[in-house]
Amino acid sequence: MAVVHFSTDQRQHTGVAEIAIEAANVRDLVRQLSALYPSLDAHLVETSSTAVAIDGEIIPDPWLEELTDTSEVYLVRPLAGG
Amino acid sequence: MSRTHVTCEVNGDAVDFLTEDGESLLNALRDELGLIGAKEGCGTGDCGACSIIMNGRLQCSCLIFAPEADGAAITTCEGLASADELHPLQQCFLEGAALQCGICTPGFLIAAKALLDENPDPTETEVRYALAGNLCRCTGYDKIVRSVLEAAVQIRTPA
Amino acid sequence: MSTTEAPANTGTNGNGSSGYRWVGTRPVRHDGLDKVAGKARYAADLNLPGMLYGHILRSPHPHARIVSIDTSAAEAMPGVKAVVTGADFPEAPPKGATRNLMCTVIARDKVLYSGHAVAAVAASTRREAKAAAEAIEVTYELLPHVLNISDAMADDAPVLHDNLFTRGVEPRPTEPSNVAARTVYERGDVEQGFGEADIVIEREFSTQAVHQGYIEPHACVVDCDQEGKAVIWASSQGHFMVRSSTATVLGWDTSRIKVIPAEIGGGFGGKTTIYIEPVAALLSTKAGRPVKIVMSREDVFRATGPAPGAIIRMKVGARNDGTITTAKAWLAYENGAFQGIAAMLGCMCVVSAYTLDHLYVEGFDVVLNRPVNVAYRAPSAPAAAFAMDSVVDEIAERVGMDPLDLRIQNCPSQGDPTPYGPKWPMIGLRECLEAIRDSDHYQSELPEGQGRGVASGFWFNIGEASSATVNLNENGTATVITGSPDIGGSRASMALMAAEELGLDVHLIQPVVGDTEVVGFTDVTEGSRATFATGMAVVEACRDLKEQLRKRAAKTWDCDVEEVEWVDGSAVHGPGEQEPLTLAAITGNAKRTGGPLGATASLNARGAGPAFSVQVADVSVDQETGRVTVERYTTAQDAGTAIHPSYVEGQMQGGVVQGIGWALNEEYIYSDDGNLENPGFLDYRIPVASDLPMIETVIVEVPNPSHPYGVRGVGEVGIVPPLPVMANAVADATGVRISDLPLSPPRVLEALTAAES
């Protein structure tokens, strides 16, 4: 199962530092997170207002990215560059 | 509105144009003569992007009123190359990657030409001070200075 | 073939030794001739028949309610063809990024900074437009303003937006404030970490807002027709962004807008947004004529950019053996008039060049009455690195270690956690640190009276969406069309990658930047992404073409495609029964084998590898004037693979010099009444040639496994280390550590005098 790690801010909504979720891809994962923690704003991933880091790579608009049993997932804000 | 008739020589050609009093020579070159090589980066003589050589002197064309050019001989970036060959400065800038965005390049070429016309064998320090009136935000000047020094060598010792 | 050797004394790598034929060489750039001949067309160079000039009226006040705008006098003036105000634009939503964009382009009910656009005029001449704009009568109700972080965060501060409630604080505040967001990253237990540390150093740092300082002011020409279509010629870092942003601000469908990219005269992040295009579009619609708007330099300073100033408090703990264990950081970044993510980025970057057991990083994004932040090369990272790497230098001094050895001892590697959580992919920080340690510069003896400083810097790099179309011409040449504006030599990089793939001479390839109707969607040139992501699309299209070329050869030879290989620009028959067919032979015969050959690739690039740079400088400090002179400078940066080493060096050198400017001289200076006092290059002093030595470069190449040629973006990270490098070098030269930038002569002199007494 993929493990989602929560930041300090996010823990105020989840109450836990991490959770293991069986999900095939990011879309599936985000929908499960939204159901578990409605106030977490995980649904913002679906509008690219939130990005996801999977195994170290920050992906600004994830959707069908596949997750494996060893995936480490973080919800992060999208970046901007110069 | 009254307009002044200005006659001058630009890059070896006799030209004339009408201009409003108070218009800059930079705008006249760009709008009346279509010579877009000189750029306006600041309009206050601080960046050198509008550099021209007028009557043998390096000038910021944004600080000159167009009617002041009457009777003058002017060289712009467009006047550096011949029909079949680039000026050594232009060739060295290309080969030395001395430009990135390129907006300041015409001004640097003109300022460098003015330097080499006066001093064909400048030191690195002399190049740096001669070009201190031209701003480049992309390159950090390293490759510009190297390219001017290389062009000086080529001009002194033609192949 | 027209390649040039590396100029002496620049670069120790990137010499084409990687086994590639084209990647890593230094051909003359394809767009170079136009640029040295003065022919290249930037947006301000375009004139259309019947074109009008637009002029924008800007607020003289930093914070005021717009009570009324009377345009009647302006409309009656000679030459005036159209006047617009905020009321002519669609209503903005109450909050969010769309409101921020719409209200930056033109103010609605309130002006939020001096220089905020209020109204605009189109007239037959520049002077008529300016005179008419100045005749517009705006009645303001002045409001109290805030110009710096401390004032804006105070409990009794005047609030810019009455619907801004701090995000990241639970429960969410019910009172509005100027703190847009709070960000926290933590790991371990910092109090435990400090308790176990042998050395704890605590300092406060400040940096000032600076401008990107591109030499070309923002410019556009917009021609709207009677059917509601608009053609925009604009200088920007992304013409698809110009299209979508203009459409958003005007409430138009994007299909009404075609954007033709002009050459861009520098951006550095500052042209990743728009200011003037929707204004020109509305004026053009009203007037029925093309309208050109060119910003003045003063307006560029007052109303575009800047990069934010910041206040950063660092507390760092280390052991006597030089192991840094713990860091606590408090960061507050200016956002300008609307909320942004500057502090969040600062939080992510501040300790990224170090492994730490314990960290607590807290950041605050603060709005105030200044123009809205825009990205500037590795946004937020320079100030953060200034704080951390200044403290790290003090730790090295305290434990008696070489500052580079200390950084090597504490540097993260693949698999270590980043401060913001995820693990590092393959990174080249250690290699950069070692490259500087082993450099001729660092190994040389420091001249008498000078000081030496080192520092490292990190930036994420970004992938995003890119498209490329590659067409093979009937004579065996290729046209490579991409949607990435060429801001510093990327056309040459695209051509080099296509040359490597197809086996064609790089000068038989014509790289073109296509407009929004000839090439697929491509994101802004930002985040050091063009050569990485758009290059990936070029490679993908070329690989598609190679498959097509093999099939055409198989048809020509009437054999199975599996028997055909593509080698060095020719189809080769495996069994050896046929003479090889060159690319030109296949394209020349293309009509007989199925028609012209072309391929398009569009992708959302993944795997932009993080970038690191390590730099060293020697400086001297004039004890009488406080002037800092950079005597020698060397930068090492991980480029993954240098496609065109000359332009990699150029990015490195340019970034360094911008960072030196930020460290030594540049700053926005506001008067108490909220007006920018130095909106010109005379008083806002960017580095000039005589301020600098040569910038020595060491290209480190740790290939990025996510890119077909191992490319890592090189555009941004170079600006990060110079701030701490300069501060550390000045401290070494004078024995005085200054924690407020810029290190301008008056500030350095003041610090030297204070230290003496």
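Predicted model: local features only at pLDDT ≥ 70, side-chain atom pairs only at ≥ 80, totals over all residues.
**View 1. Chain contacts across the model.**
Two pairs of chains are in contact, and chains B and C share the most contacts. Chain A and chain B are joined by no contact. The closest C-alpha atoms of chains A and B lie 13 Å apart.

**View 2. The side of chain B that touches chain C.**
Here 45 residues of chain B are in contact with 45 residues of chain C. Four helices of chain B, α2 (88-95), α3, α4 (124-130) and α5, each supply at least two residues of this side. By class, the residues on the chain B side are 23 nonpolar, twelve polar and ten charged.

**View 3. Helices α3 and α5 of chain B pack against each other.**
Two packed helices are described by the angle between their axes and the distance between the axes. Helix α3 of chain B spans residues 105-118, and helix α5 of chain B spans residues 142-156. Their angle is about 45°, and their axes are 11 Å apart. The angle therefore makes α3(B) oblique to α5(B). The crossing of α3(B) and α5(B) is right-handed.
Which residues of α3(B) meet α5(B)? They are Phe108(B), Ala112(B) and Leu116(B). From α5(B) come Ile144(B), Val148(B), Ala151(B), Ala152(B) and Ile155(B). The contact of α3(B) with α5(B) holds eight nonpolar residues, no polar ones and no charged ones.

**View 4. The side of chain A that touches chain C.**
In this pair, 20 residues of chain A are in contact with 31 residues of chain C. Helix α1 (8-14) of chain A and strands β4 and β5 (72-76) of chain A each supply at least two residues of the chain A side. That side divides into eight nonpolar, seven polar and five charged residues.

**View 5. The open sheet of chain A.**
Five strands of chain A form an open sheet in the order β2-β1-β5-β3-β4. Pairing in the sheet is mixed. Strands β2 (18-21) and β4 (57-59) of chain A stand at the edges. Each has a single partner strand, so one side of each is left without a neighbour in the sheet. Neighbouring strands of this sheet are turned by 25° against each other on average, direction ignored.
Ile54(A) has Glu57(A) of β4(A) as its bridge partner.

**View 6. Strand β16 of chain C, covered on both faces.**
Strand β16 of chain C covers residues 451-459, and nine of its nine residues are buried. In a regular strand the side chains alternate between the two faces of the sheet. One side of β16(C) carries the buried residues Gly451(C), Gly453(C), Ala455(C), Gly457(C) and Trp459(C).
Nine bridges join β16(C) to strand β24 (residues 611-621) of chain C. The strands β16(C) and β24(C) run antiparallel. The bridge partner of Trp459(C) in β24(C) is Ala611(C).

**View 7. Buried residues in helix α3 of chain C.**
Helix α3 of chain C runs over residues 97-105. Its buried residues include Asn100(C), Leu101(C) and Met102(C). Cys103(C), Thr104(C) and Val105(C) are buried too. What covers the buried residues of α3(C)? The cover includes strand β5 (117-123) of chain C, together with helices α7 (239-250) and α8 (277-287) of chain C.

Methods:
Residues numbered from 1 in each chain as written. Chains lettered and ligands numbered in written order. Axes fitted to C-alpha atoms, helices over the stretch in contact; angles between N-to-C directions. Parallel < 35°, antiparallel > 145°, perpendicular 65-115°, else oblique. Left-handed = near helix turned anticlockwise from the far one by under 90°. Contact = placed C-beta atoms within 7 Å. Nonpolar A, V, L, I, M, F, W, Y, C, P; charged D, E, K, R; others polar. Buried ≥ 20, exposed ≤ 12 C-beta atoms within 10 Å, placed from the backbone. Pairing = 2+ DSSP bridges.
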